[in-house]
Amino acid sequence: MKYLLVIPVTQIGKTVPTAMANVWNVDTGAAFKGPLTAMDIDTKNIGKVNLF
C-alpha cells in the first residue's frame, strides 16, 4: 500500500481520502482552505479538523 500526500483529492472531484489502484490519497487540501485530515493507516479511520 502506498500513500500520496501531494495532490489534493479535490483535483479528482473528491472531498475525503480516496484509494485507487492500491494508493491512498489523503491530501484533502488544507493549504487551500480544505479540512486537515489524518488517517490511521491500520484501521483506515479518518479524522478531520476544519482550519477556516
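The model is predicted, and local features are reported at pLDDT of at least 70, side-chain atom pairs only at pLDDT 80 or more, while totals for chains, interfaces and linings use all residues. Residues are numbered from 1 along each chain as its sequence is written, and side-chain values use heavy atoms, with hydrogens and water left out.

## Overall architecture

The chain holds five strands and zero helices; helices (H or I, at least four residues) and strands (E, at least two) are DSSP runs, numbered from the N terminus. Read from the N terminus, the order of elements is β-β-β-β-β. The C-alpha trace spans about 30 × 20 × 15 Å along its principal axes. A compact globule of 52 residues would have a radius of gyration near 10 Å, and the 10 Å of this chain agrees with that. The radius is taken over C-alpha atoms, and the globule rule is 2.2 Å times the number of residues to the power 0.38.

Of the 52 residues, 27% count as buried. Here buried means under 20% relative accessible area, exposed means over 50%, and partly exposed lies in between (1.4 Å probe, protein chains only). Contacts are defined by heavy atoms within 4.5 Å. Among contacts between residues at least 6 apart in sequence, 10% join residues at least 24 apart.

## Two buried polar residues

Asparagine 25 belongs to strand E3 and counts as buried because its relative accessibility is 8%. A polar atom of the side chain of asparagine 25 lies 2.7 Å from the backbone oxygen of isoleucine 7. Leaving aside neighbours within four places in sequence, asparagine 25 is in contact with Leu4, Ile7, Pro8, Val9, Pro17 and Thr18.

Threonine 37 is in strand E4 and is likewise classed as buried, at 17% relative accessibility. Its side chain makes a polar contact of 2.6 Å with the side chain of threonine 28. A polar contact is a pair of N or O atoms within 3.5 Å; within protein, one must be able to donate a hydrogen and the other to accept it, and residues adjacent in sequence count only if both atoms are side-chain atoms. Not counting residues up to four places away in sequence, threonine 37 touches Pro17, Val26, Thr28, Ile46, Gly47 and Lys48.

## Positive phi angles in loops

Most residues other than glycine have a negative phi. Alanine 21, in the loop between strand E2 (18-20) and strand E3 (23-25), has a positive phi near 50 degrees. Alanine 21 counts as exposed because its relative accessibility is 78%. Lysine 33 is placed in the loop between E3 and strand E4 (36-39) and has a positive phi of about 70 degrees although it is not a glycine. At 67% relative accessibility, lysine 33 also counts as exposed.

## Surface patch and separations

Met1, Tyr3 and Ile41 form a nonpolar surface patch of about 290 Å². Patches are made of residues with over 30% relative accessible area and no salt bridge, with like charges joined within 9 Å and nonpolar side chains (Val, Leu, Ile, Met, Phe, Trp, Tyr) within 5 Å. A salt bridge is a side-chain nitrogen of Lys or Arg within 4 Å of a carboxyl oxygen of Asp or Glu.

Methionine 1 precedes strand E1 (2-4) and is exposed, with a relative accessible area of 51%. Isoleucine 41 occupies the loop between E4 and strand E5 (46-49) and counts as partly exposed at 46% relative accessibility.

Leucine 36 lies in strand E4 and is partly exposed at 44% relative accessibility. Isoleucine 12 is in the loop between E1 and E2, and its relative accessibility of 42% also makes it partly exposed.

| Residue pair | Separation in sequence | C-alpha to C-alpha distance |
|---|---|---|
| Isoleucine 41 and methionine 1 | 40 residues | 9.5 Å |
| Leucine 36 and glycine 13 | 23 residues | 17 Å |
| Isoleucine 12 and leucine 36 | 24 residues | 17 Å |

Methods
Areas by Shrake-Rupley, 256 points an atom, 1.4 Å probe, with all protein chains shown as cover.
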